[in-house]
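Reader: Hi! Could you walk me through a few spots in this model?
Author: Happy to, have a look with me.

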Amino acid sequence: MAYFEEINKIQYEGSSSKNPFAFKYYNPEESINGKKMEEILRFSVAYWHTFTADGTDPFGVGTAIRPWDHLKGLDLAKARVEAAFELFEKLNVPFFCFHDSDIAPEADTLKETYENLDVITAMIKDYMKDSKVKLLWNTANMFTHPRYVHGAATSSNADVYAFAAAKVKKGLEVGKELGAENYVFWGGREGYETLLNTDMKLELDNLARFFHMAVDYAKEIGFDGQFLIEPKPKEPTKHQYDFDVATGHAFLQNYDLDKYFKFNVEANHATLAGHTFEHELRVARINGMLGSVDANQGDTLIGWDTDEFPTDLYSTTLAMYEVLQNGGLGKGGLNFDAKVRRGSFEAEDLFHAHIAGMDSFAIGLKVAAKLLEDRVLEDFVADRYSSYTEGIGLDIVEGRTDFHKLEEYALQLGNIQNRSGRQERLKAIVNQYLLETLSGK
Ligand code: XUL
Ligand code: CO
C-alpha cells in the first residue's frame with residue numbers, strides 16, 4: 001500500500017526548477033572534492049518527528065493528518081514502517097534513526113515491550129533487505145514514562161537504573177541486528193532540579209558505570225557501532241549533566257570513557273547552551289570527538305528546543321565548513337532531528353520540510369567546499385597567528401620558553417602593535433561566496 005500516493009520520487013532539477021517536489025541544490029551524484037554529495041552529507045530521517053509525533057504541544061492536541069491515523073498498537077507500528085520506507089525511498093535519504101518507543105509500542109511489562117520490538121525489528125530488517133537505506137543510530141527512550149521522573153542512569157532509584165540498563169541492552173541487540181552505525185545517548189532526564197535533594201557525585205559515578213557497562217556489552221555481542229553522547233543544556237531538567245560538548249568531554253575524560261565515545265552535536269542544543277552550532281562542532285572536532293550531527297535549527301526569539309528544519313544557509317555553511325575540515329563524519333551523518341510546524345499538518349509537508357533541509361545543507365556544503373578550496377579563511381587565520389611561526393612565538397609553541405625568558409623578552413619590548421581581526425570583511429566574503437554559489441557561478 002502507498003501512503004504518499006501523490007508524491008513521486010524526488011529528483012534533482014536544479015535551481016531554476018519551480019517544482020515543489022524537486023531538489024534545487026541537492027544533487028546526490030554531484031562530486032565535491034572527488035566525493036559524491038550523497039556520501040558527504042549522509043542525510044537521515046528522524047523516525048520520532050516524522051512518523052510518531054502528531055503536533056501535540058503543551059496547549060493543544062495533535063494537528064497532524066497522517067494516512068496511518070486510524071490504526072492502533074502493532075498495526076499502527078507496522079503501517080509506520082511501511083510509510084517510513086516509502087518516504088525514505090521517495091526522498092532518496094540513505095539513513096534513518098529511532099528511539100525504541102518510536103518503532104514499537106511500550107507494553108505493561110518489559111517482556112511484552114521486547115516482544116513488540118522484536119516484531120517490528122524483524123519487519124524493518126526485511127524492508128532493509130530490499131532497500132539501500134541504513135540505520136544511522138538507534139537509542140532508548142528513557143524520559144517519557146513516569147518511572148523516569150528522577151532520571152534513568154542517574155535516578156535515585158536503583159530499580160529504575162536496572163530497568164534503563166535492560167532497555168539499553170536490548171537497544172544494542174536491536175542495533176546489531178539492524179547494522180546500526182552508531183548508538184546514541186541523549187541525556188533525557190539525566191540531570192537535576194535542585195541540589196537540596198541530589199547526590200551529584202553518586203549520580204555522575206552511576207552514569208559513568210552505566211556507560212562502561214554499555215561499552216562492555218557492545219564488545220560482548222560484537223556490536224561495532226560508534227557510541228555517541230548528544231549534549232543538551234536544559235529541557236527537560238534544569239541542569240542537564242551533558243550541558244555541552246566541553247562539559248560532556250570533561251565527563252568522558254574523568255571516567256576514562258573518551259576513547260569509546262564521540263559526540264552527536266545538535267544545532268538547537270548548541271544555541272540553547274548559549275553557543276553557536278559551529279562552536280559546538282569546532283569543540284568536538286578539535287578534540288577528535290565529532291561523531292554525528294542532529295541537523296535542525298532553533299529560533300533566536302524562543303528559549304526552548306523548537307527543532308525546526310534547517311533553512312539558515314549561513315549556519316549550514318559554517319556547519320559544513322567544520323564537517324569538511326573534520327574529513328567528513330565517518331560513521332555519522334546529518335540527522336534531521338526536526339519537526340514540521342504544528343500548522344504544517346499535511347503529510348506532504350513532511351516532504352517539503354526534508355527537501356528544504358537537504359537543499360540547505362547542499363548549499364552549505366558547496367559554499368564551505370569553495371571557501372576551503374580558495375583558502376579564504378585559512379590564509380587569513382594563518383596570517384593572523386603568524387607571530388607564532390618565528391622568533392619568540394615559535395619558541396612558545398615549541399616549548400622553549402618559561403616565565404623568566406618571556407619576562408626578559410617583554411622588558412625590552414617597545415610599543416606593542418596589534419592588527420585588526422577584520423570580522424566584518426570576513427563576513428562579507430562569506431556572503432559573497434554564498435551568493436555566488438546560489439547564482440550558480
Ligand atoms: C531531544 C533530542 C532527542 C535525541 C535522541 O532534544 O534531541 O530527540 O536526538 O534522543
Ligand atoms: Co537530537
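Reader: Let's start with Glu173: what is its relative accessible area?
Author: Glu173 has 27% in this predicted model, so Glu173 counts as partly exposed (buried is under 20% relative accessible area, exposed over 50%, partly exposed in between, with a 1.4 Å probe and protein chains only).

Reader: Which side chain does Glu173 meet in a salt bridge?
Author: That of Lys169, at 2.9 Å, N to O. A salt bridge here is a side-chain nitrogen of Lys or Arg within 4 Å of a carboxyl oxygen of Asp or Glu. Lys169 is partly exposed too, at 40%.

Reader: And how far apart are Glu173 and Lys169 in helix α6?
Author: They are four residues apart, so about one helical turn separates them. Helices (H or I, at least four residues) and strands (E, at least two) are DSSP runs, numbered from the N terminus.

Reader: Which residue of β8 is the bridge partner of Trp137?
Author: Asn182.

Reader: Is β8 mostly covered or mostly open?
Author: Mostly covered: four of the five residues in β8 (residues 182-186) are buried. Strand β10 (residues 226-230) runs parallel to β8, joined by five bridges, and Tyr183 stands opposite Phe227 in β10.

Reader: Back to charges. How many salt bridges does the structure hold?
Author: There are 26. One of them joins Glu322 and Arg282, at 2.9 Å, N to O. This pair links distant parts of the chain, with Glu322 in helix α11 (residues 313-325) and Arg282 in helix α10 (residues 277-286), 40 residues apart.

Reader: Is Glu322 buried or exposed?
Author: Buried, at 2% relative accessibility, whereas Arg282 is partly exposed at 36%.

Reader: Which residues are linked in a network of salt bridges?
Author: Asp395, Glu398, Arg400 and Lys405.

Reader: Great, and the ground rules?
Author: Residues are numbered from 1 along each chain as its sequence is written, chains are lettered from A and ligands numbered from 1 in the order in which they are written. Local features need pLDDT of at least 70, side-chain atom pairs count only at pLDDT 80 or more, and totals for chains, interfaces and linings use all residues, while side-chain values use heavy atoms, leaving out hydrogens and water.

Note on methods:
Two strands pair if DSSP finds at least two bridges between them.
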